[in-house]
Amino acid sequence: MVSCSLERLEEKIKAFSKFGDTGRGGVTRYSLSKEAIDARNEFKRRMEALGATVVTDDMANMYATVTGTENLPAIMSGSHLDSVKQGGNYDGVLGVLAAMEVVETMVKENIPHRHPITVVVWTNEEGARFEPAMMSSGVICGKFEKEAMLASEAKDAPGYTFGEALEKSGFVGDIANRMSPEKYSALVELHIEQGPVLEREGLDIGVVEGVCGMINYEFTFRGQAGHAGTTPMKYRKDALYAAVRTIQYLHDRLDTLDGRLVYTTGKISAHPNIHTIIPEEVRFTLDARHQDPEVIRQVLEIIGSIPPEVEKCEVTYKEAWSRKTVRFTPELVDFVEKSAEDYGYTHMRMFSGPGHDAQYVADVIPTAMIFVPSVGGHSHCELEYTPVENCLKGANVLLKTLLYIDQRY
Ligand SMILES: [Zn+2]
């Protein structure tokens, strides 16, 4: 059976880990930073050496294409080269490197393919310096207004916009080069799982059926500030206590729903946050994710059952943002599963909790994703790690999936 090269893939992972190396096993490679531009140039150099033509669009998304035997829309694979602050060597970059390795295998082993194959690098997936995440795939898929994105200011340098960084990068190309259904027939993105499930289950491959829908709510509790030494307990309106009771209430109710539901209170603030003053105003967030819209509806029902007053404090809440569940193209998901079977790799179907560029592309062309395990479930940190043997299995599944698509589309 045709296989990608472990040695070549390992070399790629090592080579790209130098761009933004923190010296502690990870990288800081903000989109359009010097480090990210070095990585882009290395990507371009390597793809051109394989005979690819490299173009960029007006959001600096990169498309490196090798021709097929027929004049058909290209099949795409890839991910992102940018990272969060002190991120790992696998999130995003592995999807680019695996796609590069697949193309290298096709070229070096003379594997025939009818469609051109394109390795894509999406600009600013992380949104770590310029918000939001998945910015450039979002623009070209019609999710974000381009002008608003160009005006996005760097978190560490207010006044410095994404538009300026883009212009300075030297990677702005023609709007005509944007991904479109006329030019591209399908996308398969390989990514690390970023969670512990595959490793815990002892499985090689995640066959990704889609991206979980999610909601994010912000709750506000209004009480009354007062002196910690003089106000008897029975007269208090302690907004923090009311918030704690509500968090407990939410946990108790949400735990009765489907076991795949994940929910998090990751942000909480207390005002005035002074140890001698009863908290007057407390806010917290609730992030909840599940693939089934019915379960999300049940979450909303539970939120709706919170009384307007808890422990004598006024309770209000509002949706900060939400996204609907994205389902990938069933035929492509089947190809991923079949490819894993072909190699005898163990696998399971699953949904992605995190967002990925592929979820926006899925609205435009047939799309699927492949997950490989994350050791310890670590991601967005320097501990992020996937053994190269697992990376190779993912690359092989990607190779085979692209070949199935090549036959059928
Ligand atoms: Zn990523």
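Mentor: Strand β1 (residues 53–56) and strand β2 (residues 62–66) pair in the antiparallel sense, over four bridges. Two strands pair if DSSP finds at least two bridges between them. Strands are DSSP E runs of at least two residues, and helices are H or I runs of at least four, numbered from the N terminus. This is a predicted model: local features need pLDDT of at least 70, side-chain atom pairs count only at pLDDT 80 or more, and totals for chains, interfaces and linings use all residues. Residues are numbered from 1 along each chain as its sequence is written.

Trainee: At what angle do α1 and α3 pack?

Mentor: Axes are lines fitted to C-alpha atoms, for helices over the stretch in contact; angles run from 0 to 180 degrees between N-to-C directions. Helix α1 (residues 6–16) and helix α3 (residues 93–108) pack at about 140°, with axes 10 Å apart. They are therefore oblique to each other. Under 35 degrees counts as roughly parallel, over 145 as roughly antiparallel, 65 to 115 as roughly perpendicular, and the rest as oblique.

Trainee: Which residues of α1 and α3 make the contact?

Mentor: Contact means C-beta atoms, placed from the backbone, within 7 Å. From α1 come R8, L9, K12, I13 and F16; from α3 come V93, L97, M100, E101 and E104.

Trainee: How is the protein divided into domains?

Mentor: Domain bounds come from an automatic or database domain assignment. Domain 1 is 6–212 + 325–408, and domain 2 is 213–323. Their C-alpha centres lie 37 Å apart. The contact takes five residues from domain 1 and seven residues from domain 2.

Notes
Contact = placed C-beta atoms within 7 Å.
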